[in-house]
Amino acid sequence: MQDLGYTIVTMTDRSSTAEDCVDAKQMNDKGSSSQTEGRVDQTDAKPESNAYQYNTNYPTLGQCIIINNKNFQRQTGMGVRNGTDEDVKNVLATFSKLGFKIKVNNDQTVSQMLNLLTKASQEDHSSSAMFVCVLLSHGDDGVIYGTDKSIELKQLFRLFRGDRCKSLVGKPKLFFIQACRGSDLDTGIESDSVGYYSWRNVSNGSWFISSLCEMLLKHGKQLEIMQIMTRVNHKVALEFKSSSNLPGFDGMKQIPCIVSMLTKELYLQK
């Protein structure tokens, strides 16, 4: 099984020449509210100007933790993820320029990944506007691989729930994931990324991460995060096609997957 790129943008609590290789109440007419037939009263007060935008006016934007798994133990059956170091360089340069504090962790077992993210979730993020995690590894639908075995992604995400990470309650937690969600090939006809390979160029890195970093550097200070991610999808879907000597692997396409539980607009600027 080789590598698929998808991104999860989540979540806020309430309380090339080189060969490619593969990697999921209406108001009444006068403008006032009324209570009729069970409808609930509404106020006429004007909402705050930032009611639909996350506050990023903190001392720092926050941490960006990178977990880069390149080499895997034999029992996993997973090959070396050549090209992933280019992804790390791209992410490091991009998120540093945006103002994040970067921590890079290479070749982590599942236990090490859990320990690393558990420790991060227990830190004091009171001075941070958000939290970012970039996962680079092999995967399958709903799981990602440590160097020794796989783990469900939801086990990593739940570490940052409001009852476990109180200093990030009400703040965005962003996970960008470069990992497979299956082993099917996309000829460009399918409309979603579940069950499909992702592509990673051995010299230039993955299509998804390179596109993500390019769009963040171009538009990270001007556009809202979902606008940026839509441009990432556009670039990956329309500007890339695999080049491979393996039978049936040449000329394949890819589309990233965006999953969002954000409740406000997010701009990556202080």
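Select helices α4 and α5: α4 passes α5 in a right-handed crossing. A crossing is left-handed if the near helix is turned anticlockwise from the far one by less than a right angle, and right-handed if clockwise. Helices (H or I, at least four residues) and strands (E, at least two) are DSSP runs, numbered from the N terminus. This is a predicted model, in which local features need pLDDT of at least 70 and side-chain atom pairs count only at pLDDT 80 or more, whereas totals for chains, interfaces and linings use all residues. Residues are numbered from 1 along each chain as its sequence is written, and side-chain values use heavy atoms, with hydrogens and water left out.

Keep the pair in view. Helix α4 covers residues 207-219 and helix α5 residues 225-239; they pack at an angle of about 135°, and their axes lie 9 Å apart. Axes are lines fitted to C-alpha atoms, for helices over the stretch in contact, and angles run from 0 to 180 degrees between N-to-C directions. The two helices are therefore oblique to each other; angles under 35 degrees count as roughly parallel, over 145 as roughly antiparallel, 65 to 115 as roughly perpendicular and the rest as oblique.

Now display the side chains where the helices meet. On α4, select W207, F208, S211, L212, E214, M215, L216 and H219; on α5, their counterparts are I225, I228, M229, R231, V232, K235 and V236. Contact means heavy atoms within 4.5 Å. By class, this contact has 10 nonpolar, two polar and three charged residues. Ala, Val, Leu, Ile, Met, Phe, Trp, Tyr, Cys and Pro count as nonpolar, Asp, Glu, Lys and Arg as charged, and the others, Gly among them, as polar.

Centre on L212, in helix α4. L212 counts as buried, at 0% relative accessibility; buried means under 20% relative accessible area, exposed over 50%, and partly exposed in between (1.4 Å probe, protein chains only). Leaving aside residues up to four places away in sequence, L212 touches F176, M229 and V232. From L212 to R231 the C-alpha distance is 8.6 Å, across 19 residues of sequence.

Next select strand β9, residues 173-178. Six of its six residues are buried, so β9 is largely enclosed by the rest of the structure. One side carries K173, F175 and I177, the other L174, F176 and Q178.

Two strands pair if DSSP finds at least two bridges between them. L135 has I177 as its bridge partner in β9, and L136 stands opposite Q178. Both faces of β5 are covered, with F131, C133 and L135 buried on one side and V132, V134 and L136 on the other. Strand β3 (residues 63-68) also pairs with β5, in the parallel sense, over five bridges; here N68 is the bridge partner of L136.

Move to the open sheet of three strands, ordered β6-β7-β8 with antiparallel pairing. β6 (139-140) and β8 (150-152) stand at the edges with a single partner strand each, so one side of each is left without a neighbour in the sheet. Two bridges join β6 to β7 (residues 143-145), and D140 stands opposite V143.

Finally, select D107, in the loop between β4 (101-106) and α2 (110-122). D107 has a positive phi of about 45° although it is not a glycine. With a relative accessible area of 28%, D107 is partly exposed.
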